[in-house]
Amino acid sequence: MDQLIIQGGRPISGIVNISGAKNAALPILAATLLTGNTIRLGNVPHLQDIYTMVNVLNHMGGNVTLDEHANIEINTNHISSHHAPYELVRTMRASILVLGPLLSRFGKAEVSLPGGCAIGSRPVDQHLKGLQAMGADIHIENGYIKATANRLTGATIALDLITVTGTENLMMAAVLAKGETIIKNAACEPEIEDLANFLNTLGAHIEGAGTSTITIQGVTSLNSGHYCVLPDRIETGTYLAAAAITRGSITVKKTCPHLIESVLLKFEEAGALIDTGNDWISLDMRGNRPRAVDISTAPYPAFPTDMQAQMMAVNTVAEGTSLITETIFENRFMHVQELQRMGANITLKGNTAVCVGTHALHGAPVMATDLRASASLVLAGLAASNATIINRIYHIDRGYECIEEKLTQLGASIRRIT
Ligand code: EPU
């Protein structure tokens with residue numbers, strides 16, 4: 001299995017380009033199931049999770065071509081199966097996103113139940129409840145969600161909790177449903193707005209995406225179209241964190257500052273000088289040690305859970321003590337034990353981590369446990385006094401495109417051992 005070896009202690013400085021957002025590209029790829037016409041997508045990141053979604057579409061009879069320049073062409077005119085198998089879904093929970101589109105266009109879907117994962121139990125009850133409200137008949141058999149419907153019918157759905165992929169699944173299902181669907185207590189993440197913008201480009205009628213109430217007027221079919229995926233706000237935040245933890249200075253390009261305001265405010269609180277333009281952000285620590293900052297994760301526009309582990313890494317070397325509270329996933333502190341092996345002083349109290357900043361981390365062999373946890377270990381490795389060896393880095397390949405190349409360009413000493 002591949003490993004990353006990082007020789008720490010060099011400030012991260014320079015310019016880096018951000019890739020397209022994984023969590024926008026995944027639902028957009030699933031949404032191509034809503035039309036038999038050809039779709040062309042730009043700014044699609046080359047990531048393991050994207051390949052998994054492409055495999056899911058190919059498995060069902062889709063025709064997908066991906067070039068090296070982040071473009072994808074997809075045609076799902078000849079879908080011959082409505083089955084997303086366990087072997088694919090278990091490697092990526094976001095495969096559940098094909099459920100709504102399959103049911104909406106074909107009236108049937110058979111998708112493996114995703115099961116638990118490293119960061120929490122992650123049920124999909126809200127997805128199912130919403131689809132049932134739209135007239136779907138759903139039962140669970142042999143670990144599969146088996147759903148059928150004639151034509152789905154618009155409904156008013158009040159989600160019991162805020163769910164990102166749940167909102168996306170229901171929004172996609174409603175696009176071809178009969179009449180009006182209103183999703184209340186919808187998630188407001190920018191990736192949901194991006195999905196709605198994509199669908200509207202094809203002729204869907206969606207209003208309010210990006211707010212907590214989304215209204216969809218069903219249409220009978222969608223057209224072909226071309227769409228460019230929005231930049232990845234979590235990759236953006238991770239590179240800013242790389243500069244913050246190493247007392248460096250970075251300019252992040254091809255991004256969108258307004259997507260991560262809550263994160264930028266925390267970097268400012270940590271002592272960084274932040275400047276932004278239309279599509280770039282610069283962060284300069286002016287050689288200073290970061291100050292400890294408290295964070296509490298919550299749905300957008302609050303501080304994202306997907307940046308919690310990276311901000312904790314910054315806090316491990318900061319001046320002072322921070323409280324880091326995780327409110328979205330019950331088990332998203334797997335990185336704590338690994339950071340402790342590198343000398344971090346962190347104590348867990350329920351869903352809060354108390355982190356006392358130390359002057360220096362030291363390199364160690366560590367184990368990546370999930371995508372964002374592995375990002376926090378890379379960050380810690382960049383700041384540590386000697387070599388860090390990160391095992392199980394397939395987690396990082398799920399969400400960070402060309403991470404060694406990008407960090408090397410920024411002055412890091414990092415290499416992959418196969
Ligand atoms: N939940 C339920 N029932 C449901 C759906 C969700 O109880 O039917 C709970 C979950 O267990 C969790 C909370 O609601 O405690 C929020 O989960 P959500 O459904 O919003 O998460 P998700 O849609 O599965 C997406 C991202 C995650 C990101 C979360 C939170 C994608 C493909 N994934 O997951 O991204 O952490 O929203 O923002 O969009 C990552 O990129 O590393 C990642 C994990």
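Helix H5 contributes the most to the shell around the ligand, with three residues. The structure is a predicted model, in which local features need pLDDT of at least 70 and side-chain atom pairs count only at pLDDT 80 or more, while totals for chains, interfaces and linings use all residues. Residues are numbered from 1 along each chain as its sequence is written, and side-chain values use heavy atoms, with hydrogens and water left out.

**Ligand shell**

The ligand is surrounded by 21 residues, the closest being Asp125, Thr163, Thr165, Asp306 and Ile328; a residue is near a molecule if one of its heavy atoms lies within 4 Å of it. At least two shell residues come from each of helix H1 (22–31), helix H5 (125–133), helix H6 (164–175) and helix H12 (371–383). Helices (H or I, at least four residues) and strands (E, at least two) are DSSP runs, numbered from the N terminus. By class, the shell holds nine nonpolar, six polar and six charged residues. Here Ala, Val, Leu, Ile, Met, Phe, Trp, Tyr, Cys and Pro count as nonpolar, Asp, Glu, Lys and Arg as charged, and the others, Gly among them, as polar.

| Residue | Protein atom | Distance to a ligand oxygen atom |
|---|---|---|
| Lys22 | polar side-chain atom | 3.0 Å |
| Gln126 | backbone N or O atom | 2.8 Å |
| Asp306 | polar side-chain atom | 2.6 Å |

The ligand taken alone exposes 840 Å², of which the protein buries 88%; accessible areas come from the Shrake-Rupley method with a 1.4 Å probe.

**Second largest pocket**

The second largest pocket holds about 210 Å³ of space. A pocket is an open set of points on a 1 Å grid over the protein atoms alone, where a 1.4 Å probe fits, with protein on both sides within 12 Å along at least five of seven lines; lining residues have an atom within 4 Å of a point. Its lining has 16 residues, of which Asn17, Ile18, Ser19, Lys254 and Glu401 lie nearest the centre of the pocket. Strand S2 (13–17) and helix H14 (403–409) are the elements that give two or more residues to this lining. The lining divides into five nonpolar, seven polar and four charged residues.

**Four-stranded sheet**

Four strands form an open sheet in the order S18-S19-S21-S20, with mixed pairing; two strands pair if DSSP finds at least two bridges between them. Strand S18 (295–296) and strand S20 (345–349) are the edge strands, each pairing on one side only. S20 pairs with strand S21 (residues 352–356) in the antiparallel sense over five bridges. Thr347 has Val354 in S21 as its bridge partner.

Conventions: Points joined across faces, edges and corners; volume = space filled by probe spheres on them. Polar contact = N/O pair within 3.5 Å; in protein donor to acceptor, adjacent residues only side chain to side chain.
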